[in-house]
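Hello,

Here is the structure for your files, with some notes below it. Please read them with the model open.

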Amino acid sequence: MINLSDLGQVYIVCGKTYMRRGIDTLASMVKEKFNLDPFSGQVFLFCGGSQDRFKALYWDGQGYWLLYKRFENGKMNWPKNQDEVRELGPEQVDWLMKGFSIEPKINEAAARNFY
């Protein structure tokens with residue numbers, strides 16, 4: 001398995017992305033919509049509506065890599081805010097790839113009963 005965090009800083013483009021978009025369109029979106037540099041050596045993640053597949057755009061200094069992954073079982077917990085991009089830490093990338101939320105929430109009632 002490729003560890004995306006090993007490639008560079010990982011950013012998640014929240015909301016749905018039309019998954020037929022290619023390298024040029026995704027790189028343009030990163031630059032124009034989010035004012036980030038697609039040539040920075042950072043990884044940008046995009047997800048479609050079904051949340052069972054994603055694309056990763058990565059510049060290695062010589063050219064772009066466009067990685068595509070489809071999960072056979074389960075879905076990712078992808079943030080919904082269409083106008084947002086978030087910087088992820090290595091642990092959050094791992095959570096996302098395992099289908100967990102990048103922002104785990106604590107059930108307050110359960111936490112009170114625990115103590």
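Is Phe39 buried, partly exposed or exposed? Phe39 is partly exposed, with a relative accessible area of 49% (buried means under 20%, exposed over 50%, partly exposed in between, using a 1.4 Å probe and protein chains only).

Two remarks on the basis: this is a predicted model, in which local features need pLDDT of at least 70 and side-chain atom pairs count only at pLDDT 80 or more, while totals for chains, interfaces and linings use all residues. Residues are numbered from 1 along each chain as its sequence is written, and side-chain values use heavy atoms, leaving out hydrogens and water.

Aromatic pairs

Rings of Phe, Tyr and Trp (its six-membered ring) pair if their centres lie within 6.5 Å; planes under 30 degrees apart count as stacked, over 60 as edge-to-face and the rest as tilted. By this rule there are 5 aromatic pairs. Tyr11 and Phe44 are stacked, because their ring centres are 5.6 Å apart and their planes lie at 15°. Tyr11 is in strand S1 (residues 10-13) and Phe44 in strand S2, 33 residues apart (strands are DSSP runs of E, at least two residues, and helices runs of H or I, at least four, numbered from the N terminus). Tyr11 is buried at 11% relative accessible area, and Phe44 is buried at 1%.

Phe39 and Trp59 pair edge-to-face, at 4.9 Å centre to centre and 85° between the planes. Phe39 lies in the loop between helix H1 (23-34) and S2, and Trp59 in strand S3, so this pair ties together parts 20 residues apart in sequence. Phe39, Trp59 and Tyr64 form one aromatic cluster.

Regards
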